[in-house]
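Please find below a note on the model, arranged as numbered points.

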Amino acid sequence: LNLGSTIRFIVLAALLVLLTSLRAAEDKRIAVYGPQTFYSLNVVDRHGAEYVGLLEILEPLGAASAKQDGDKVKLRFNDIEGQFTDGKTKVRLRGKDLELTTKFLIENGRGLLPLRSLTAVLRPLLGTVEFHEAGRRLFLGGAVVTFAGDLMKTPASRLVLSFSAPVNPHIATEPGKLRMVFTREPLMPPRAASIKFEDTTITSASFGEHNGAAEVTITGTAPLLASFADGGRTIIVSASPQPAQQVAQPPAAPAEPPPAAAPPPQPAPPRFTIVVDAAHGGDDRGATLSDQLAEKDATLAFARRLRTELANRGVAAILLRDSDANFTHHQRSVAANAANVPLYVSLHASTSTSGVHVYTAMLSPVARKPGTFLPWDEAQTGYVESSRAFALALAAELEKRNIAAFALPASVRPLNNIAATAVAVEVGPPFREKEGFASAVYQQAVCAAISSAVSSLRATLEAAR
Ligand SMILES: [Zn+2]
């Protein structure tokens, strides 16, 4: 036995333990989302609790200073004063006493605050504070990013995630799983932490918060791919067109020219499909049509009736909502554009006007240049003429059925954001009949007129794409 090498081994082992523990400490983070700022700080473990530097958390948020006086730290933040004592839970802040969950610590002149008392200490200093303790994410009365997902099934399964502000997550994929990690974005949890889809390609999505980051994980039965749209406000997750075998090549294969890549499987040519959007929904009831009837319910019933009528003519309709869900205009346009169909029809109902109004966007037509991107607010400009042509054709079909019809430009959301021929149809009660809007015969006639206009303009609509 060689004593020298044994000592060297012990030193090495001790160093390894030290390095490992340093590494572990380094890896624990807290994310802070301020009104104008984002930062991330180290978290340390002391006596079985997690701590963060008191001054470090406050410095980026205002004029902060701390002075040590014996076993006390005197804090000044903007014009607020506080006093913390080493080894004590009692804190004097803004002239009031408060109690920490675990004792305050001073280490080499650095004040350490237990994470579990973070909100209690920060609230008197900053106002609104929200701390997601398990994921170590601190929100300080600033902008947050919310998001919602919508699974589209036609022509191919895709999950459309719409964010309230541009995002730039780190994306990692493994077989059947796609993970997005949001470090810098104050992404708030959605209503449900996980959701299962009745879909053969995209089967579930879940949200989690971990070590100062938010994660969205999507699982599927095929390799998944994420693409960004709308300046980072939309992420579309779909099955990757790459065959799965390409990823799992045996590494030991002899070097030889790779076999010609098999063409990606071509999806079956989709039926002629359009998007039908029943306006309003959920909290947004729309107009009150009668004591019993809200516009949101009338438009949904109408959309379903229209879907049936279209199906009879070989036209498939994607209903952006097929339930009492409330989607924002932004979500509707994102979903409609992701569906990549030649026609978008928004449905409204009204009792304040008679007959049917067919609205198109109030934008000046602009010729589309292939390969160029239009600002989101002007997505419709390249389609203004085909939208007007469709509105006129629809008005003619309505008149044929003795229904008063008006085609006119108007500012109706989200028409400006639709990158396809797009109209908003507002169905009012018929002029001469007493039965009014609720008459099934009348509704059927309006649906027949829309379906007839769609099927007769099918070729024109596809050409306008
Ligand atoms: Zn409406």
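1. Along the chain, the donors of the zinc ion follow the spacing H-x14-E-x52-H. Histidine 280 and glutamate 295 link distant parts of the chain, although they are 15 residues apart. Histidine 280 sits in the loop between strand S23 (273-278) and helix H4 (295-312), whereas glutamate 295 belongs to helix H4. Helices (H or I, at least four residues) and strands (E, at least two) are DSSP runs, numbered from the N terminus.

2. The protein donors are His280 through NE2, Glu295 through OE and His348 through ND1, lying 2.0 to 2.1 Å from the zinc ion. Donors are N, O and S atoms within 2.8 Å of the metal (3.2 Å for Na, K and Ca); water is not among the atoms, so sites may look incomplete. Histidine 280 and glutamate 295 are both buried, a term that means under 20% relative accessible area, with exposed over 50% and partly exposed in between (1.4 Å probe, protein chains only).

3. The model is predicted: local features need pLDDT of at least 70, side-chain atom pairs count only at pLDDT 80 or more, and totals for chains, interfaces and linings use all residues. Residues are numbered from 1 along each chain as its sequence is written, and side-chain values use heavy atoms, with hydrogens and water left out.

4. Helix H4 has 18 residues and reaches 26 Å from its first C-alpha to its last, close to the 26 Å expected at 1.5 Å a residue; the expected span is 1.5 Å times one less than the number of residues. Its buried residues include Glu295, Lys296, Leu300, Phe302 and Leu306. The buried residues of H4 pack against S23, strand S24 (316-319), strand S25 (343-349), strand S28 (421-427) and helix H7 (440-456). Just after H4, glycine 314 takes a positive phi of about 75 degrees.

5. Why is S28 largely enclosed by the rest of the structure? Seven of the seven residues of S28 are buried, so the strand is largely enclosed. Thr421, Val423, Val425 and Val427 lie on one side, with Ala422, Ala424 and Glu426 on the other.

6. S25 and S28 run parallel and are joined by seven bridges; two strands pair if DSSP finds at least two bridges between them. The partner of histidine 348 in S28 is glutamate 426. Strand S26 (residues 356-360) runs antiparallel to S28, with four bridges, and valine 358 has valine 425 as its bridge partner.

7. The structure holds 22 salt bridges, each a side-chain nitrogen of Lys or Arg within 4 Å of a carboxyl oxygen of Asp or Glu. Glutamate 397 meets lysine 400 (3.2 Å, N to O) and arginine 401 (2.8 Å, N to O). Glutamate 397 and lysine 400 are separated by about one helical turn, because they are three residues apart in helix H6 (residues 384-400). Glutamate 397 is buried at 9% relative accessibility, whereas lysine 400 is exposed at 62%. Elsewhere, Lys28, Asp45, Glu50 and Arg136 are linked in a network of salt bridges.

8. The mean pLDDT of the chain is 83, and 84% of its residues reach 70 or more; pLDDT is the predictor's confidence in each residue, from 0 to 100. Among the elements, helix H1 (residues 3-27) has the lowest mean pLDDT (53) and strand S8 (residues 90-93) the highest (96).

Definitions and conventions: Contact means heavy atoms within 4.5 Å.
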